[in-house]
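Please read the points with the sequence and the model open.

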Amino acid sequence: MRTRLTEFIDQLRAAGVRASVAESLDAMAAASAVPTERDHLRAALAATLVKDAADRPAFDALFDRFFAAPGQVRGKGEQPQPIGEGIGRGPGQASASDRQSEERQPSKSAARDTAEREREKRQREQAAAAHLARRREVLVTAFESMESRLVEEAAMLVEELSRRLHAHLSRRLARAHRGRLNFRRTIRASLGTGGVPIDPIFRQRRPGKIDLVALCDLSHSTATAADFCLALLAPTSHFFRRVQLFGYVDRLVEISFERGHVIPHQPLDLAARSDFGNVLRQLWEQCEAAFTRNTVVLILGDARNNRRPPRADVLARLHARVRRVIWLNPETRRRWNTGDSVLASYTRHCDAVLAATNLRELTAAMKSALL
């Protein structure tokens, strides 16, 4: 590079810029002391070789030809010359290979950043896929085979499902606020306005909010399903005029659902043998006056009655008094009406019997039952 600087100074003199030997030596020393970037080298050489501002354009033009930036076109016959090669380096000054490495460093750093972002993106996608797969597993796992760890995960998921059920009911009730459009009467009324239906006529809406009576089997085989059913039901209570909750095994007790737990209002032996026939009898005796055409009865249970009288006649009387009776069964369909199951005795007195073996089915059944 010392030779290169000598050639640069000679051509500078040939261009009419005066540079003494002392100034040339100063230029050599300055080039060794400054960082290797072109702008620093330009400033150092200009400070030592240019004494008249009128000479600066000639200096800059010659400097650009001798010390072209990477990728810059050089004059004919000129070869690229590393700026710092052959010059003694002061502290912290890099060689040409070091400087080229530094010039490549930003692109390497950008590549590393891009790779890191891609890796983080893949990790997020993998985590989201794993979460979605786990969620699906929780949704479709049968209540009867849920382990305690999975029950805890399902309980957290039920909070979200209950909010969705609440939103679903809210939208449905909002659409039904004025009743359905009476198309025939609307068209007839539009004859007076040239066929333009200015005033739509709606069917008469159903009278007020309905009453809900819910019975949940709290025996060991259906306890998990009962807990989740009540958890889904709890946030929707304000959609009904009145809600009565009952739990049962061999007898009927009023219950409440507080902070995720079922609270029986009277003693109940959870280890007793189920007797839904007796439960129906007690329900009729206690709530007969409350059963009206504005009442929906929701029953969750497996209809296993331990060979005891099913008392389907009581359910028949109840069904005749209320708007609807909906039965949710947490057992798989292949087990319905097997062994001591007497579901067939009750089915004929229900408006619908729906499978509720897992969270997905239970949520769908609740949507159907409550509207």
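1. What does the accessible surface of the protein chain come to, and what percentage of it belongs to carbon and sulfur atoms? The surface is about 20900 Å², with 52% belonging to carbon and sulfur atoms. Accessible areas come from the Shrake-Rupley method with a 1.4 Å probe, and for residues only the protein chains shown count as cover.

2. This is a predicted model, in which local features need pLDDT of at least 70 and side-chain atom pairs count only at pLDDT 80 or more, while totals for chains, interfaces and linings use all residues. Residues are numbered from 1 along each chain as its sequence is written, and side-chain values use heavy atoms, with hydrogens and water left out.

3. The secondary structure of the protein chain comprises twelve helices and seven strands. Here helices (H or I, at least four residues) and strands (E, at least two) are DSSP runs, numbered from the N terminus. Of the 371 residues in the protein chain, 42% are buried. Buried means under 20% relative accessible area, exposed over 50%, and partly exposed in between (1.4 Å probe, protein chains only). Among contacts with a separation of 6 or more, 72% are between residues 24 or more positions apart; a contact means heavy atoms within 4.5 Å.

4. The seven strands form an open sheet with mixed pairing, in the order S4-S3-S2-S1-S5-S6-S7. Two strands pair if DSSP finds at least two bridges between them. Strand S4 (261–264) and strand S7 (352–355) are the edge strands, each pairing on one side only. From one strand to the next the twist averages 30°. Angles run from 0 to 180 degrees between N-to-C directions, and axes are lines fitted to C-alpha atoms, for helices over the stretch in contact.

5. Strand S5 has parallel pairings with S1 and S6. Strand S1 (residues 211–217) is joined to S5 by six bridges, and S5 pairs with S6 over five bridges. Cys 216 has Leu 300 as its bridge partner in S5, while Leu 298 stands opposite Ile 326 in S6. Helix H9 (residues 276–287) lies across S1, S2, S3, S5 and S6, and runs at about 150° to S2.

6. Is Leu 300 buried or exposed? Leu 300 counts as buried because its relative accessibility is 0%. This residue lies in strand S5 (residues 295–300). Not counting residues up to four places away in sequence, Leu 300 touches residues including Leu 215, Asp 217, Ala 226, Tyr 248, Leu 328 and Leu 362. The C-alpha atoms of Leu 300 and Gly 247 are 9.6 Å apart in space, and the two residues are 53 residues apart in sequence.

7. Strand S6 is mostly covered, with six of its six residues buried. Arg 324, Ile 326 and Leu 328 point one way from S6, and Val 325, Trp 327 and Asn 329 point the other way.

8. The largest nonpolar core has 45 residues, of which Leu 328, Leu 359, Leu 362 and Met 366 touch the most other members. A nonpolar core is a set of buried Ala, Val, Leu, Ile, Met, Phe, Trp, Tyr and Cys residues joined through side-chain atoms within 4.5 Å. Elements that each supply at least two residues of this core include helix H5 (96–140), helix H8 (223–233) and helix H12 (359–369). Its largest share, eight residues, comes from H8. Apart from this core lies another, of 29 residues, among them Val 213 and Phe 291.

9. In helix H4 (residues 56–66), the buried residues are Phe 59, Leu 62, Phe 63 and Phe 66. Seen down the axis of H4, these residues fall within an arc of 105°, so they line one face of the helix. The arc is that of the directions from the helix axis to the C-beta atoms. The buried residues of H4 pack against helix H1 (2–14) and helix H3 (38–49).

10. Some local points remain to be checked. Asn 306 is in the loop between S5 and helix H10 (312–321), and has a positive phi, near 55°. Arg 311 lies in the loop between S5 and H10, also with phi near 55°. Arg 311 counts as partly exposed because its relative accessibility is 30%. Phe 183, in helix H7 (residues 183–190), counts as exposed at 57% relative accessibility.
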